[in-house]
Amino acid sequence: MFNKRIKMFAQKMMSPDKPGEMSGKKIEDADFLGLTGAETPIEQRVSRLLSSMALSEKIDLCSGYDSLAIRAIPRVGLPSVWSSDASSGIRSFDTATAFPAPIALAASWDRTLVKECASAIAEEARAKGISILLGPGVNIHRVPTCGRNFEYFGEDPYLASEIVVPYIEGVQSKGVITTVKHFACNNSDFDRHRNNASVDERTLREIYLPAFKAAVTQAKTGSVMSAYNPINGVYASENKMLLTNILRDEWGFDGFVISDWISTYSTEGPIKAGLDLEMPNGKWINVKMVKKAIENGTIAPEDIDRMAGNILRTLFKFGIYDRAPIDTSCKPHSPEHTHLSTEAAKESITLLKNDKILPLNQEKITTIAVVGPLAKDTPIGGGGSCLVISPSSQTDILTGVQNASGDISVIYIESKEGEILSEGKHLLKKADIVLLCLGYSNIEESETYDKMWRLPNFQEKLIRNTARINSNIVSLLLSGSACEIDSWLPAVKGLFLCYFPGQSGGNAIASLLFGETNPSGKLPFTIAKQFADYKSNENYVKHPERTSFRQIMGPKRVLKKAKKQMKTFEYKEGLFVGYRQFDTEKLEPLFPFGFGLSYTTFEFSDLNITPDSGGLKETVSVSCSVRNTGKMAGSEVIQLYVKDNESSLPRPEKELKGFEKINLEPQEAKTVTFNLNKEAFSFYDNRLPGWTIEPGDFTIAVGNSSGNILVSGSVSKKAE
Ligand code: BGC
């Protein structure tokens with residue numbers, strides 16, 4: 001029943017409407033009042049339109065239409081403008097390329113690749129008449145079991161910022177608006193309408209806001225989506241501190257703010273706070289209710305002008321009202337995009353364990369047994385609005401390995417509820433290698449509720465039963481975030497974390513298994529030995545996966561009551577999320593943030609810091625040499641962490657402030673240089689309040705994971 005309702009929800013989100021139509025009239029026929037020519041300055045076009053539109057038309061513009069569109073205002077020649085989810089490919093409106101999940105893009109640590117994937121997604125959007133992409137999401141992995149962690153860019157604000165910027169640049173360079181979401185602190189999907197994130201300002205500024213800030217100030221996202229949850233007791237859609245004070249006044253955002261779907265709870269609240277567009281329809285922001293609020297004096301007509309103005313200005317800026325919605329020069333999907341999706345999966349899949357079993361030696365292997373339900377039913381993405389419903393092709397793990405195996409015989413072994421079916425036991429025993437496909441399906445890891453920490457569906461039993469018969473196991477784990485691995489890790493000799501690898505996951509996995517590609521993905525989150533090790537979990541729920549579906553998607557009365565029944569999650573762990581906690585507490589994780597093995601080895605040397613002493617705001621240049629000391633070409637991610645050796649407020653042990661991914665041939669060496677500006681040394685001091693750098697010594701630590709620092713030095717900052 002539960003799964004059926006989720007599927008119904010998924011269907012509902014596939015709006016069947018056609019972009020490019022305006023009340024039955026084709027956009028090409030639209031009359032733009034003769035005053036909206038592209039050569040007229042945007043502000044002039046906006047103010048002329050605002051003065052010619054009736055109040056009701058402006059209100060209509062600010063209240064969503066048909067689940068995914070900004071409404072057409074035919075009288076003034078404005079066509080409807082269509083949006084679609086999102087960050088791993090175009091979810092709705094027919095076939096599209098499914099790229100690896102956003103968390104996998106982050107695990108590639110490759111800005112160029114992220115930009116290429118994002119611009120390919122935007123081209124497909126243009127081909128389908130989509131002008132607004134409802135992503136990317138940049139909420140931080142605060143708890144490992146958040147059902148949407150796979151949609152985000154990991155636990156570190158710097159990494160998330162560095163990934164979101166090229167993502168947005170890639171999409172917006174094609175004329176499609178991005179909607180960075182969910183602003184802010186939507187850090188779990190457990191009962192997301194009621195979970196009040198109680199978070200202090202310093203934590204907000206240092207951990208939960210930086211990726212949004214980068215999206216706005218560096219990448220200039222055209223749109224921002226508010227979150228479902230309240231923050232410090234005020235719903236995100238009504239949170240003036242976030243939507244106006246920080247977003248517009250501090251960061252200079254000039255786009256429009258969209259509500260998350262059904263996340264508004266009044267008419268005046270969102271309007272006064274700075275929201276511009278209510279989605280998916282005008283439940284609260286509609287002609288009747290807004291006019292009544294104006295009559296009552298709780299809002300003014302100027303508020304509506306501001307909202308409509310923000311929408312119009314952004315749509316003009318991106319040329320959306322000046323072009324046909326469908327760009328026929330773009331393809332809705334293509335073999336080139338499938339290839340790019342495969343390359344992205346190869347770059348992101350992370351090798352976590354290799355007990356001399358990988359890469360598989362094709363010459364010495366005659367049989368590979370493939371076990372586990374996800375071998376044939378390999379999820380291309382997590383569930384909910386991020387899932388591409390109709391991928392242009394799909395290669396599961398079994399097929400991918402079969403395609404690449406040459407003369408090796410690849411056999412699928414049936415199992416049920418953790419038991420190997422009797423006829424398979426003999427084959428399993430004879431196999432040279434067992435590929436054990438584990439993890440979460442897109443029902444088990446999805447939007448609207450959280451996921452289990454331990455592997456679902458008798459998979460631990462399956463591991464035990466498989467290992468009893470054949471111990472040459474390489475496990476392929478599909479999971480968008482950390483999960484329980486410690487108890488079964490000794491039973492496997494090799495382990496790849498595949499995240500959700502997109503439509504060609506099977507081919508990418510095979511390429512890594514057989515050593516055609518050298519693994520280079522690195523963890524964008526910390527994997528703890530046990531759930532209780534994450535401090536944030538103390539301030540979370542005991543059974544995160546048990547959210548009542550009714551509370552989320554239930555009848556309206558449940559949502560109306562939601563406001564009264566807020567539950568508060570205190571972010572008591574403060575800044576100490578992910579490796580910031582583990583490093584500071586000297587608590588050993590199972591796999592540290594930034595970790596990932598390769599089939600080759602790298603040597604780091606010659607750290608150079610210039611100047612090693614200087615003014616607080618002076619840029620510091622750090623260089624380091626990296627050599628491939630193995631026999632295979634490969635890529636390494638050079639990670640730079642900064643530690644404030646002494647500060648007046650507690651700071652994490654160290655924080656990521658730079659990274660570069662480089663490719664090296666065997667024995668090749670390259671020098672990597674980082675330029676650290678004042679942001680790399682500063683922290684948010686809520687006593688000021690503001691960002692500050694304190695004089696003193698800072699350690700510069702460079703390595704290939706937060707747990708493996710290979711060269712370090714220090715820089716001294718002097719008072720100015
Ligand atoms: C999700 C958003 C998504 C929207 C539209 C909501 O349920 O939270 O991330 O963009 O639906 O599909």
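Predicted model: local features only at pLDDT ≥ 70, side-chain atom pairs only at ≥ 80, totals over all residues.
1. Asp-303 counts as buried, because its relative accessibility is 12% and the cut-off for burial is under 20%.

2. Asp-303 belongs to helix H12, which comprises residues 301-317. When neighbours within four places in sequence are set aside, the residues in contact with Asp-303 are Ile-271 and Lys-272.

3. These two contacts may be described individually. With Lys-272, the side chain of Asp-303 forms a polar contact of 2.9 Å.

4. The second topic is the ligand. There are 13 residues around the ligand, and those that come nearest are Asp-85, Arg-148, His-182, Asp-260 and Glu-447. By class, this shell consists of six charged, five nonpolar and two polar residues.

5. For Asp-85, a polar side-chain atom lies 2.4 Å from a ligand oxygen atom. For His-182, an N or O atom of the side chain is 2.7 Å from an oxygen atom of the ligand. For Lys-181, the corresponding distance from a polar side-chain atom to a ligand oxygen atom is 2.8 Å. On its own, the ligand has 310 Å² of accessible area, of which the protein covers 99%.

Conventions. Residues numbered from 1 in each chain as written. Heavy atoms only, no water. Helix = DSSP H or I, 4+ residues; strand = E, 2+ residues; numbered from the N terminus. Buried < 20%, exposed > 50% of the residue type's maximum accessible area, 1.4 Å probe, protein only. Contact = heavy atoms within 4.5 Å. Polar contact = N/O pair within 3.5 Å; in protein donor to acceptor, adjacent residues only side chain to side chain. Near = heavy atom within 4 Å. Areas by Shrake-Rupley, 256 points an atom, 1.4 Å probe, with all protein chains shown as cover. Nonpolar A, V, L, I, M, F, W, Y, C, P; charged D, E, K, R; others polar.
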